[in-house]
Structures are given as structure tokens and as C-alpha cells.
Amino acid sequence: MRTCYSFTHFSRLFKQNTGEAFSRYLSKVRLEHAIVLLSNTDKPIDQIAYECGFKSTSYFSYAFKKEFLVSPLKYRMQMKG
């Protein structure tokens, strides 16, 4: 989908309407999708990172741990029991 807004203008409108920065929202959506994949598949962590839109596994792990206070691998181990 294309809009006639610049990214900056779109981001400003998004924050005005949601109270949250677009980049923060996008990161949360990506991490929530990662939770689903970690819980329901045996895909490698690096593959999950890329499928969720992260450009590096290290940044994915950093963002995941910052959001959920546990690494993706540890989360998966806890979910598997």
C-alpha cells in the first residue's frame, strides 16, 4: 500500500493517533510474531529473526530480551517445558 505521506509525516500522524511511535509498534508486532514461531515451530532462531523482519540475529536477540527479559532460546526452552 502506498500513501502520499513522507515517512516522517506518517510517523507523526501515527503517534498522534495511537500514542505510540510507529517504529516501536512495528518492533512489537515483529516480536509477537517471533513468539508464535518460537512456540510453535522448530525453526532456527536466525531464520525466525529474518522471517520477522530483523536484519541481524544479534539485534533480534537484543530486542527480544529487552522486551521479554529472556533470550529467544531461553524462551523457547521454557515453552517446550
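**Salt bridges in a predicted model**

1. Glu67 is partly exposed, at 31% relative accessibility. Buried means under 20% relative accessible area, exposed means over 50%, and partly exposed lies in between (1.4 Å probe, protein chains only).

2. A word on the basis. This is a predicted model: local features need pLDDT of at least 70, side-chain atom pairs count only at pLDDT 80 or more, and totals for chains, interfaces and linings use all residues. Residues are numbered from 1 along each chain as its sequence is written, and side-chain values use heavy atoms, with hydrogens and water left out.

3. Side chains of opposite charge can pair when their charged atoms come close. Searching the whole structure gives four salt bridges. The term means a side-chain nitrogen of Lys or Arg within 4 Å of a carboxyl oxygen of Asp or Glu.

4. Glu67 has a partner. It pairs with Arg24 in a salt bridge, 2.6 Å from N to O. Arg24 sits in helix α2 (residues 22–40) and Glu67 in helix α4 (residues 57–68), so the pair ties together parts 43 residues apart in sequence. Helices are DSSP runs (H or I, at least four residues), as are strands (E, at least two), numbered from the N terminus. Arg24 is partly exposed, at 36%.

5. Asp42 and Lys80 form another salt bridge, with their closest N and O atoms 3.0 Å apart. Asp42 is in the loop between α2 and α3 (45–51), while Lys80 is in helix α5 (residues 72–80), 38 residues apart. Asp42 is exposed at 67%. Lys80 is partly exposed at 47%.

6. Glu20 bridges to Lys28, again with closest N and O atoms 3.0 Å apart. Is Glu20 buried or exposed? Glu20 is buried, at 19% relative accessibility. Lys28 is partly exposed, at 27%.
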